[in-house]
Amino acid sequence: MNVMNLNVIPPPSRAATDLNYEADLKVALDPILVELLDRAEAAGWDRRKAAYTVMFLAARKLTDTKQSPEVARTGS
């Protein structure tokens, strides 16, 4: 049995331009996502809707972090 510490995400061992980088990232994040969905389901949430919500929140975090240069420089 492969036991993974869910509190630690292993760092990349390849450059982001490597063809296997994304596959490695999937392996690193999969157990964390499974645990998150298991916990949401155990709390009473619908697993499919929880997965959709994770995708939505992840996409929103990408757009939320894209600030204009002025906002990024001044912090407001």
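What follows is a short chat about the helices of this predicted model.

Reader: What should I know about the model and its numbering?
Author: It's a predicted model, where local features need pLDDT of at least 70, side-chain atom pairs count only at pLDDT 80 or more, and totals for chains, interfaces and linings use all residues. Residues are numbered from 1 along each chain as its sequence is written, and side-chain values use heavy atoms, with hydrogens and water left out.

Reader: Why are α1 and α2 called oblique?
Author: Their axes cross at roughly 130° and come within 9 Å. Under 35 degrees counts as roughly parallel, over 145 as roughly antiparallel, 65 to 115 as roughly perpendicular, and the rest as oblique. So α1 and α2 are oblique to each other.

Reader: Which residues of α1 and α2 meet?
Author: From α1 come Leu33, Val34, Leu36, Leu37, Asp38, Ala40 and Glu41, and from α2 Arg47, Ala50, Ala51 and Val54. Contact means heavy atoms within 4.5 Å. These residues split into eight nonpolar, no polar and three charged; Asp, Glu, Lys and Arg count as charged, Ala, Val, Leu, Ile, Met, Phe, Trp, Tyr, Cys and Pro as nonpolar, and the others, Gly among them, as polar.

Reader: Why is arginine 47 called partly exposed?
Author: Its relative accessible area is 27%. Buried means under 20%, exposed over 50%, and partly exposed in between (1.4 Å probe, protein chains only). So arginine 47 is partly exposed.

Reader: What does arginine 47 touch beyond four places in sequence?
Author: Arginine 47, in helix α2, is in contact with Val34, Leu37, Asp38 and Glu41.

Note on methods: Axes fitted to C-alpha atoms, helices over the stretch in contact; angles between N-to-C directions. Helix = DSSP H or I, 4+ residues; strand = E, 2+ residues; numbered from the N terminus.
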